[in-house]
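Subject: Structure for you to look at

Hi,

Here is the structure I promised to pass on. Please open it next to this email and follow along.

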Amino acid sequence: MPCTILLIEDNDTDARVVQDILRQSTQEWQVVRARTLTEATQRLQEITPDLMLMDLGLPDVQGSMTLLAFFDAYSPGRRLPPIVVLSNADEEGTACRTFGGTTGFATKGTMMEQPATFMAFLATCIEQWHNEQRLVQRATTPPETQYANG
């Protein structure tokens, strides 16, 4: 079953690089692309991605404000999938780590130079997300129905 990634990236070349790296993996991916933050929030009404890759320089919002605007626009009560910030500059990553709310950060240069490491990181993020989802499901399932089938 393919993992769904919401790729929030306005630059066509950068989006192609990400998709090329994903194609090198043995994992099957379904990539849904959004070019703006507005489009990304609309896509999240249609899909539940396993992971989000987010550029911080979008036409409708820039820098760490991208994350603040995204969290403000995201539907309250919905659990966010892992968010990996993609950036051209390490300084922006430092700001994201300070702000919080993201799973990780990768410079676009490092992603291209070390695609295997990048892919392993994404796989770990997704695995942790799926494990969290299972725990939440278990915690919200009434005890009398948890073991009904087994």
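Read along the sequence, the chain goes β-α-β-α-β-β-β-α-β-α-β-α-α-α. That gives seven helices and seven strands. Keep in mind that this is a predicted model.

Start with the sheet. Five strands build it, in the order E2-E1-E3-E6-E7. The sheet is open, and its pairing is parallel. As background, strands of a sheet pair through backbone hydrogen bonds.

Which strands stand at the edges? They are E2 (29-34) and E7 (104-107). Each has a single partner strand, so one side of each has no neighbour in the sheet. From one strand to the next, the twist averages 20 degrees.

Now zoom in on one pair. Strand E1 (residues 3-8) runs parallel to E2, and six bridges join them. Look for Ile5: Val31 in E2 stands opposite.

Next, the helices. Helix H2 (residues 37-46) packs on the sheet. H2 touches E1, E2 and strand E3 (51-55). The direction of H2 makes about 135 degrees with that of E2. Helix H6 (residues 115-140) lies across E1, E2, E3, strand E6 (83-87) and E7. H6 runs at about 130 degrees to E3.

Last, the whole chain. How much of it is buried? Of the 150 residues, 40% are. Take the contacts between residues at least 6 apart in sequence: 65% of them join residues at least 24 apart. The accessible surface comes to about 8,400 Å². Carbon and sulfur atoms hold 50% of that surface.

Best wishes

Technical notes: Residues numbered from 1 in each chain as written. Predicted model: local features only at pLDDT ≥ 70, side-chain atom pairs only at ≥ 80, totals over all residues. Heavy atoms only, no water. Pairing = 2+ DSSP bridges. Helix = DSSP H or I, 4+ residues; strand = E, 2+ residues; numbered from the N terminus. Axes fitted to C-alpha atoms, helices over the stretch in contact; angles between N-to-C directions. Contact = heavy atoms within 4.5 Å. Buried < 20%, exposed > 50% of the residue type's maximum accessible area, 1.4 Å probe, protein only. Areas by Shrake-Rupley, 256 points an atom, 1.4 Å probe, with all protein chains shown as cover.
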